[in-house]
Each structure stands twice: as structure tokens, then as C-alpha cells.
Amino acid sequence: MPYTPDSNVKHLTSLEELNDLISIRDKLTVVDFHAPWCGPCRAFEPVFEEIAEKVPEIQFAKVNIEVAKDIALRYKVASLPTFIYFKNGKKVDISVGVGGNRLFHLIKLNTGLDISTRIVKKMDRNQIE
Amino acid sequence: MGLTNDDKFPTTPKPKYIPYSKANDSLTACANPIELDLAKEFAGKTVVITAVPGAFTPTCTEQHIPDYLKNLEKFKAKGVSKIVVLSANDPFVMAAWGKALGYKDEENYIVFATDPLAKISSELGDSYVADLSSAGFGVRTARYAALVVDGEISFLENEDSLGFTEISSAKNLLDRI
């Protein structure tokens with residue numbers, strides 16, 4: 001699996017890699033499904049990176065649907081970004097789009113953690129056009 | 001030659017579509033076309049398939065599909081599990097057309113999907129495709145309507161010269177269920 005030294009986000013390229021990651025017990029895994037051509041995904045990228053850096057209690061991963069086609073097919077991702085939340089090998093939640101701090105809300109719901117106070121970065125709105 | 005009652009309605013190539021969702025309607029998400037698994041949609045269910053020569057073209061937009069949209073509850077009442085509108089357009093055009101026609105329900109009871117290069121329609125028979133190359137449109141689907149029960153054709157008929165008549169009307173299909 002590709003490893004970027006300065007990032008805590010794992011870039012998944014196959015269903016096998018995803019299954020290995022989410023099988024780790026009792027840890028929440030948040031997977032960001034994105035594509036290079038999707039403006040909102042690019043705008044959100046720095047925020048997701050910061051969250052991954054500052055929330056070590058949770059595993060964060062990204063799936064580029066153009067690269068990992070088997071994962072995209074399996075989860076029928078029809079909007080980007082789509083965030084799928086996994087616990088103990090099972091999908092427990094899903095959110096679509098970057099609006100409204102839904103990510104913070106669903107992390108709190110699934111772990112009890114309020115991470116909003118740890119995060120400084122905001123979306124780069126220029127990327128959305 | 002062509003398919004007729006009791007033949008299996010083709011399930012490949014898989015049409016592509018973008019299911020309606022509120023997130024896709026705003027700037028917070030991008031739409032990503034996904035495949036419509038016709039075999040799965042058909043199994044044990046009654047599905048309406050209707051094809052149009054072109055999204056946003058006058059007859060299709062002004063008469064054909066609005067007729068279906070007005071009758072969604074009637075189709076549901078008769079046990080139709082899904083209505084699939086096909087056209088040889090790309091999935092982004094089809095999704096935009098569905099919204100333009102006023103369908104904005106995350107239920108996605110009616111879906112606006114592609115028949116890539118009219119391949120599915122060509123499997124039904126020559127009269128189910130229309131070569132509109134002379135008009136600059138390329139190969140399109142003809143206008144037709146079908147009732148598919150548990151994967152088998154129970155009704156299939158096309159319109160002569162692409163017009164919209166009672167053949168592909170909602171009422172005709174509803175009467176045959």
C-alpha cells in the first residue's frame with residue numbers, strides 16, 4: 001500500500017487492502033471515497049489530512065475510485081466524496097458530501113470523541129468551482 | 001427478427017445512471033455514474049422500461065416522460081418496483097434531465113439511465129434502434145415501452161417514426177399489468 005511519510009491517511013488500492021484495514025478490532029475506520037476530478041473532494045483534502053494527523057484514535061483511509069475500481073464497485077459510490085465508517089469489519093455509517101460537519105458528528109456518534117476542537121483547517125472553497 | 005413476449009429482456013450491457021441525491025444537487029458533492037444491475041432489478045419483480053430517442057428533445061420532454069411522472073403512484077399501486085427510462089445519452093445528461101423534468105426524490109423509483117450506444121435496444125430488434133446520424137445525433141434508441149415480469153418480457157412495443165402515442169403511454173402499460 002502506498003505510504004506517504006508525512007500523512008496518516010492510508011491510500012487503499014484494492015478491496016483486499018480495505019478488508020485488512022477494517023478488520024482491526026474496535027477501531028473506527030473512516031474511508032474517504034474521492035476522485036481527482038471532483039472539486040469538493042480536493043477542497044476537503046487538507047481538512048481530512050489534518051483530522052488524520054490529530055485524531056490517532058481513529059484510522060483514516062482514502063480510496064481514489066479511478067484507481068481502486070473494485071472497491072468503488074463493491075460500495076456503489078454514486079456521489080463524491082462519500083465517507084464510509086467501518087467498525088469490526090462492518091459498515092456502520094455513511095455520509096455524502098462535504099457540508100455541515102457531518103464527519104465530526106458521525107465520529108462523535110460512533111466513538112464518543114468530539115474532534116472539532118482539534119481541527120483548525122477549513123475547506124479551500126476555491127477548489128469547489 | 002427481434003425479441004417478443006416471454007423472451008428474457010437483455011440485462012447487458014449494464015445501463016449507467018446517477019441516482020438522485022440531495023448531496024449531488026449542491027456544490028458539496030460530485031455525481032459519479034454507477035451501473036444499474038438490471039438482472040438484480042428484474043428478479044421476482046415487475047419493472048417498466050421505456051426508451052426515448054433523446055433527453056431534453058421536445059416530445060420526450062414535453063409529453064412522454066411527464067406522462068409517466070404523473071402516474072408514479074399508479075405504477076406503484078400496480079406493483080411495479082421500478083421505472084427505467086433509457087436513452088443513448090451519457091449519464092450526466094440523463095441525471096440532469098431527470099431533475100429538469102422535476103423528479104427529485106431520493107427514493108429513485110424512476111431512474112434515468114443510459115443505453116450505451118443503444119446496445120440493449122438493438123438486442124430487442126432492429127425497430128428498437130433509430131439511426132439518427134443524418135440529423136447529427138448518431139445511433140439512438142427508438143421510442144418504445146416494455147413491461148418486464150421476473151426478467152421476462154410481458155409487453156414490448158415500439159412507436160412508428162419515434163412519435164408518442166398511446167402505445168408508450170403510461171395508461172397502456174398500467175392496463176396491461
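Mentor: What follows is a set of questions about a predicted model, each answered by setting a value against a rule.

Trainee: How do you know that the size of chain B agrees with a compact globule?

Mentor: A compact globule of 177 residues would have a radius of gyration near 16 Å, and chain B has 15 Å, so the value agrees with the rule. The C-alpha atoms of chain B fill a box of roughly 50 × 40 × 30 Å along the principal axes, and the chain holds 6 helices and 10 strands.

Trainee: What share of the residues in chain B is buried, and what makes a residue count as buried?

Mentor: A residue is called buried when its relative accessible area is under 20%, and in chain B buried residues make up 52% of the 177. Of the contacts in chain B with a separation of 6 or more, 68% are between residues 24 or more positions apart. The accessible surface of chain B comes to about 7900 Å², and carbon and sulfur atoms own 51% of that surface.

Trainee: Why is the pair of A:Tyr75 and A:Phe86 called edge-to-face?

Mentor: Over all chains, the count comes to 11 aromatic pairs. For A:Tyr75 and A:Phe86 the ring centres are 5.5 Å apart, which is within the 6.5 Å limit, and the planes stand at 80°, which is over 60, so the pair is edge-to-face. A:Tyr75 lies in helix H3 (residues 69–75) of chain A and A:Phe86 in strand S5 (residues 82–87) of chain A, so the pair ties together parts that are 11 residues apart in sequence. Both A:Tyr75 and A:Phe86 are buried.

Trainee: What makes B:Trp97 and B:Phe112 an edge-to-face pair?

Mentor: The reasoning has two steps here as well: the centres of the two rings, B:Trp97 and B:Phe112, are 5.8 Å apart, within the limit of 6.5 Å, and their planes are at 75°, over the 60 that is needed, so the pair is edge-to-face. This pair links distant parts of the chain, with B:Trp97 in helix H4 (residues 91–100) of chain B and B:Phe112 in strand S6 (residues 110–114) of chain B, 15 residues apart. B:Trp97 and B:Phe112 are both buried.

Trainee: Which residues form one aromatic cluster in chain A?

Mentor: A:Phe44, A:Phe48, A:Phe60 and A:Phe83 form one such cluster.

Trainee: Is B:Leu117 buried or exposed, and how do you know that?

Mentor: The relative accessible area of B:Leu117 is 66%, which is over 50%, so B:Leu117 is exposed. B:Leu117 lies in the loop between S6 and helix H5 (119–124) of chain B, and has a positive phi of about 55° although it is not a glycine.

How values were computed
Residues are numbered from 1 along each chain as its sequence is written. Chains are lettered from A and ligands numbered from 1 in the order in which they are written. This is a predicted model: local features need pLDDT of at least 70, side-chain atom pairs count only at pLDDT 80 or more; totals for chains, interfaces and linings use all residues. Side-chain values use heavy atoms; hydrogens and water are left out. Helices (H or I, at least four residues) and strands (E, at least two) are DSSP runs, numbered from the N terminus. The radius of gyration is taken over C-alpha atoms; the globule rule is 2.2 Å times the number of residues to the power 0.38. Buried means under 20% relative accessible area, exposed over 50%, partly exposed in between (1.4 Å probe, protein chains only). Contact means heavy atoms within 4.5 Å. Accessible areas come from the Shrake-Rupley method with a 1.4 Å probe; for residues, only the protein chains shown count as cover. Rings of Phe, Tyr and Trp (its six-membered ring) pair if their centres lie within 6.5 Å; planes under 30 degrees apart count as stacked, over 60 as edge-to-face and the rest as tilted.
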